[in-house]
Amino acid sequence: MSEPLLQAVNLQCERDDRMLFRDLSFSILPGTLTRVEGPNGSGKTTLLRILAGLNDAWSGQLLWLGKPRARRREEFLHNMLYLGHRPGIKPLLTPVENLRALMAGRKAMSDGVLLKALAGTGLAGFEDVPCRRLSAGQQRRVALARLLIADEPLWILDEVFTAIDIDGVTALEHLLVQRARDGGAVVVTTHHDLQLPSMQRICLGGADGL
Amino acid sequence: MAFDARAGLRPEADAVSVFTAMRVVFVRDLRAAFRQRQDLLNPLLFFVMVVTLFPLGVSPEVSFLQLAGSGILWVAALLSVLLSLDHLFRHDFDDGTLEQLVLQPQPLFLLVLAKTAAHWVLTGLPLILLAPLLGVMVHLEGNSIAVLCLTLLIGTPVLSLIGAIGAALTLGLKSAGVLLSLLIIPLYIPVLIFGTGTVAAAAEGAPVGGYIALMGAFLVLAITLAPFAAAAALRISLSNS
């Protein structure tokens, strides 16, 4: 068993005077897929934002490689990829420009690699069309193109399957499984019925808050 | 570490230098802005309109305009920067690029500084380029116009930097306009006083070195402190969204 990448100990979050979850403890190990489950409003997105470091309104402990994450923020961010509800795509820029801007802060990459990644998500021929002219699914695919070239060991993906067609969903599932097999850790939320081998589940909501 | 080599921790050497990251943010903001030019014209048009309406509304007398001209230009520039502030982070917030910016493995305050620099190039700089023309219109003398442009050159970046704090703080709100003005205008007042004071001193033939140095001190203070405050405010706003 290898060391967990991210460990949550007694995580607790309250929002608008409502306890979303408490005493939540789990580990994200390399080579695993974790699905966060729960009905609407049970705090799935909030939990993912907490894990990604976007939400600071929580108590408990979050350990990155065994040490408190707050002290190793840059190292954590260097090794974590987060895709949220909002895809992070500027409607005025083209897919290539968007992808370039998103990747450039993380790793120097040639345009060839970016174009190949876009082609890999089925956006070949749309590289130079401003993103606002693309459909919602295509815009998400621009964001998903990052997954094809990302080498961060921890992926945190919120509702990745939204607006993606059936073929895309299959390809994406395949990508996530392959990723876990290669030793990456993936945390997802989805309402799509995801059945993947050796999937860890974190259930939120329910009567006692857990 | 015991991970598979292909998905192990990313080597530190892969990290992108903070200057590259800042340049990317800066270039992306400029590019996006030039794709939507009407948004760029808005503050400029406002600036020109306000300055043009003063002679019509108050008095076209040369003596009045010479006295009030620098103040009119400064107030108009200040309001027009204020008008454009809400856009600084709002679009990025709505489309999710702001989340990705916060999660970039570089110090956030430097990335915020890059964004603010882009904002200044898009709003403050065009105002300074237009100022001489409007200065002639309100009968300012050559020397006063030069000093006015200099004060705007030092002053407008301060306006953008202070404004970034307010824009970041009010990001989570639906209608941020009023609160943003209330928060920011008191902080703009010293810049306005020294900006117009410098031009008034120049018009009387007094030395302006001291005024300019003080404004320079404002700018240094704003560059060093405002990005920290704005970055912290961004974290809070994102945390609550």
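This is a predicted model: local features need pLDDT of at least 70, side-chain atom pairs count only at pLDDT 80 or more; totals for chains, interfaces and linings use all residues.
Let me start with a convention: angles under 35 degrees count as roughly parallel, over 145 as roughly antiparallel, 65 to 115 as roughly perpendicular, and the rest as oblique.

Residues are numbered from 1 along each chain as its sequence is written, and chains are lettered from A, ligands numbered from 1, in the order in which they are written.

Chain A, then. Its secondary structure comes to six helices and nine strands. Those are DSSP runs, numbered from the N terminus: helices are H or I with at least four residues, strands E with at least two. The C-alpha trace spans about 50 × 35 × 30 Å along its principal axes.

Now the sheet. Five strands of chain A make an open sheet, in the order β6-β7-β8-β3-β9, with parallel pairing. Two strands pair if DSSP finds at least two bridges between them. At the edges sit β6 (80-83) and β9 (199-203) of chain A, each pairing on one side only. Direction ignored, neighbouring strands are turned by 15 degrees against each other on average. Between β6(A) and β7 (residues 154-158) of chain A there are four bridges, and the two run parallel.

Contact is C-beta atoms, placed from the backbone, within 7 Å. Axes here are lines fitted to C-alpha atoms, for helices over the stretch in contact, and angles run from 0 to 180 degrees between N-to-C directions.

Helices α3 (residues 95-104) and α5 (residues 136-149) of chain A pack at about 50 degrees, axes 10 Å apart. So α3(A) and α5(A) are oblique to each other. From α3(A) come A:P95, A:N98, A:L99, A:L102 and A:M103; they meet A:V142, A:A145, A:R146 and A:I149 of α5(A).

Last, the interface. Chain B puts in 32 residues and chain A 37. On the side of chain B that touches chain A, α1 (18-35), α5 (97-102) and α10 (209-239) of chain B each supply at least two residues. Of these, α1(B) gives the most, with seven residues.

Notes. Two residues are in contact if their C-beta atoms, placed from the backbone, lie within 7 Å.
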